[in-house]
Amino acid sequence: MKVLVAYESRSGRTRRAAEAVAAAVRACGSDATLKVLSETTAEDIEHADAVAIGSWVEGFIVVKVGPAKAALEAIGRLSAMGGKPAAVFCTYAANPRATLATLRRSLEAKGANVVAENASHRSHPDRGAAELAKRLCASQEAM
Ligand SMILES: Cc1cc2nc3c(=O)[nH]c(=O)nc-3n(C[C@H](O)[C@H](O)[C@H](O)COP(=O)(O)O)c2cc1C
């Protein structure tokens, strides 16, 4: 199984989270490819059996806290996912609020089947990565 792990990171925490997800996917016995979200192409999506997509949390004002604008823009440019299993993750400093729900909806709008989500505090970006990867790998085995 091939899993694409794509992330939007400004200062490296979400990249660390993505690296932890990729390592955990490999520990499940699957292939993992890491990509910067904004550089992810239609071919990358096509070649993947499943995707994991992560962003840092960006807030402008308290009611407008969500995935980084750059992440949502990049997801909007991705090609259709045709029911592929997907996981979403984010790193945050204070409170992720609706970030995971917004990521989930934006991937579902692309036709992905979101089976796992995880928010990790920036002080422990790799926390929860193993569980997220396990769920994603299990959803693949069930197919
Ligand atoms: C402009 C800006 C706005 C942010 N807004 C929020 C926020 O509203 N809520 C929150 O929990 N963290 C917020 N953060 C913190 C980041 O989400 C957090 O530090 C994250 O781990 C950074 O990920 P990165 O290292 O991959 O860029 C903000 C950071 C920046 C730079």
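Mentor: Two strands pair if DSSP finds at least two bridges between them. Helices (H or I, at least four residues) and strands (E, at least two) are DSSP runs, numbered from the N terminus. This is a predicted model: local features need pLDDT of at least 70, side-chain atom pairs count only at pLDDT 80 or more, and totals for chains, interfaces and linings use all residues. Residues are numbered from 1 along each chain as its sequence is written, and side-chain values use heavy atoms, with hydrogens and water left out.

Let us take strand S3. It spans residues 50-59. S3 is mostly covered, with 9 of its 10 residues buried. Buried means under 20% relative accessible area, exposed over 50%, and partly exposed in between (1.4 Å probe, protein chains only).

Now the partners. S3 pairs with S1 in the parallel sense, over 6 bridges. Ala50 of S3 stands opposite Val3. S3 also pairs with S5, again parallel and over 6 bridges. There, Ala52 has Ala87 of S5 as its bridge partner. With strand S4 (residues 65-67), the sense is antiparallel, over 3 bridges. Val57 has Pro67 of S4 as its bridge partner.

Follow Ala87 for a moment. This residue lies in strand S5. Ala87 has a relative accessible area of 0%, so it counts as buried. Contact means heavy atoms within 4.5 Å. Beyond residues up to four places away in sequence, Ala87 touches Val51, Ala52, Ile53, Leu107, Ala116, Leu132 and Leu136. Ala87 and Ala27 are 60 residues apart in sequence, and their C-alpha atoms are 16 Å apart in space.

Next, the core. A nonpolar core is a set of buried Ala, Val, Leu, Ile, Met, Phe, Trp, Tyr and Cys residues joined through side-chain atoms within 4.5 Å. The largest one has 25 residues. Those touching the most other members are Leu37, Val51, Ile53, Ile75, Leu78, Met81 and Leu107. S3 is among the elements that give two or more residues to this core, along with S1 (2-8), helix H3 (69-77), S5 (85-92) and helix H4 (99-108). Another core, of 20 residues, lies apart from it, and its members include Ala17, Ala18, Ala22 and Ala52.

Then the ligand. A residue is near a molecule if one of its heavy atoms lies within 4 Å of it. The ligand has 17 residues around it, and Val57 is listed among the closest, with Ser9, Ser11, Thr14 and Thr91. Polar contacts come next (pairs of N or O atoms within 3.5 Å; within protein, one must be able to donate a hydrogen and the other to accept it, and residues adjacent in sequence count only if both atoms are side-chain atoms). A side-chain N or O atom of Ser9 is 2.6 Å from a ligand oxygen. Thr14 has a polar side-chain atom 2.6 Å from an oxygen atom of the ligand. From Asn95, a backbone N or O atom lies 2.9 Å from a ligand oxygen. Alone, the ligand exposes 650 Å², and the protein buries 80% of that (accessible areas by the Shrake-Rupley method with a 1.4 Å probe; for residues, only the protein chains shown count as cover).
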